[in-house]
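Welcome! Take a moment to look over the sequence and the 3D view, and then we will walk through a few features together.

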Amino acid sequence: MSETTTTTPVKSEVDSRPTMVRTVLLGAQHLLAMYASIAATPLALAVALDVPQDQLIYLLTVTALMSGVATLIQSIGFWKIGARLPLVQGTTFTAVAPMILIGSEWGWPAIFGSTIAAGLIALIIAPFFSRLLFLFPPVVTGTTIAAVGISLLPISLMWINGGDPTRETLSLPDLGLAGITILTILLVTKLSKGFLGRVAVMVGLVVGTIVAAILGRLDLSPVGSAPWVEIVQPFEFGLPTFPLSAVFAMTLVMIISMVETTSDVLAIGEITETKVDRKRIAAAIRADGLATALGGVFNAFPFTAYAQNVSLVQLTRIKSRWVIAAAGGLLVVIGLLPKVSAVVASIPMAVLGGGALVLFGGVAAVGIKILGKADLEDAGNLIIVAVSMGLAMMPVAMPTVFADLPSGVRIVAENSIVLACVSAIVLNVLFNVIGRGRGAGKVPAEGADPSTDDPSTDGPRADEPRADGPRTDGPSDEVHSRA
């Protein structure tokens, strides 16, 4: 007699769905991890452009709403838009400097008009940009992502010191709150081997906020003045305008965001053992462009994938994109409830800084992990890392070093991510591509593997083995490495 066996299709970790409670809690942790970065852009603009308190609350609310929409587009996806990976989308702080210049010259309508135009441009050029993926082997992506983490650390230190960039002396009370937050994260991570350990960052933020309230350092006054429900309106600040120089500046910002998103997609591909090809990169960049254009319509700012949440995926080992979709849904809710947004905005900056220190350091660690796949015994690769990291640290060590350059040039020169990425790409071409072809750093082209090349599918077919790692039946407690 012959025995017939059947196999049950097994979902990849990216497509697995934890229980509803876990999905919401893990999504909330991603929200808390990203909220400070989301709020940073409207807060910085409010200070520079003298925005009234009611408009600031509105900007915080609509930024949360549109960040949620952008995250849903990226993680769930439709048609050829969205990477369908656990990627959180939020406003890019890279846009702050040019938006301040644009706002000072032409006002808010030009800020949002140039944002709409830059988003549409990114949407159009996404497939062309994705064909440059051979320029991003591990030595390039690892260096760039490590530079992202290191360049973000001064921001976390500023938040630890109360969020005041002009303060030159260390605030001991703020340092104490950050220390309590970090200590809580470390203790929970060390002592808990189960689910609690996976939400250690969220627990640290909650404990830090409770301690701040006990010490009288939690200001909830904005909550009282915020309305319960508010529906955002398009063009709240007036019909958009499109000065050419403003559009050019914001297009540069979007190119920077495309580089950042590409690096984050490749990093999350490493962490989740998911194949990343040109189609998936193009889909991710289209999501950036569409979300940015929609953001401009509804008075929000350019969007990009958040590296700190890539670090959180690595830290928690929860790789489900539905957890990220839950974070996006929670952001949409916050965007409709200004009082909730005001409560989250009331978390002391020092507490947020403590959590950010752990997460931003984790970003650098992800970059170092990817660099481990490059042959650093090779002198060419070693010089690529050395020079690129050195250039990336220039604006970190001396923020005013490029202050005398034209504003359009400063957008690029003052960005550590761009300096590291451009340097690494150019040097990699010089040392590893010229004379050798593109094979070493080239990712699979369209059609190489139909089961994974097309992001319109939710993963490899159930009847095919995965080429990039073992299948699991859900979130694993181990981070698999292909090194």
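Asp15 and Arg321 are both buried. Keep in mind that this is a predicted model. Here is a short tour, starting with that pair.

**Salt bridges**
- The structure holds 3 salt bridges.
- In one of them, Asp15 pairs with Arg321, and their closest N and O atoms are 2.8 Å apart. Asp15 sits in the segment before α1 and Arg321 in helix α13, 306 residues apart, so this pair links distant parts of the chain.
- Another joins Arg217 to Asp174, with the closest N and O atoms 2.4 Å apart. Here a loop between α8 and α9 is linked to helix α6. Arg217 is partly exposed, at 35% relative accessible area, whereas Asp174 is buried, at 6%.
- Glu270 and Lys373 also meet in a salt bridge, at 2.9 Å from N to O. Glu270 lies in helix α10 and Lys373 in the loop between α15 and α16, so the pair ties together parts 103 residues apart in sequence.

**The two sides of helix α3**
- Val96, Pro98, Met99, Ile102 and Gly103 are buried in α3. They lie on the same side of α3 because they cover an arc of only 160° around the axis.
- The face turned away from that buried side carries the exposed residues Ser104 and Glu105.
- After α3 comes Gly107, which has a positive phi, near 90°.

**A nonpolar surface patch**
- Helix α16 gives the largest share, 3 residues.
- Val401 is in the loop between α17 and α18.

Technical notes
Residues numbered from 1 in each chain as written. Predicted model: local features only at pLDDT ≥ 70, side-chain atom pairs only at ≥ 80, totals over all residues. Heavy atoms only, no water. Buried < 20%, exposed > 50% of the residue type's maximum accessible area, 1.4 Å probe, protein only. Helix = DSSP H or I, 4+ residues; strand = E, 2+ residues; numbered from the N terminus. Arc of directions from axis to C-beta. Salt bridge = Lys/Arg side-chain N within 4 Å of Asp/Glu carboxyl O.
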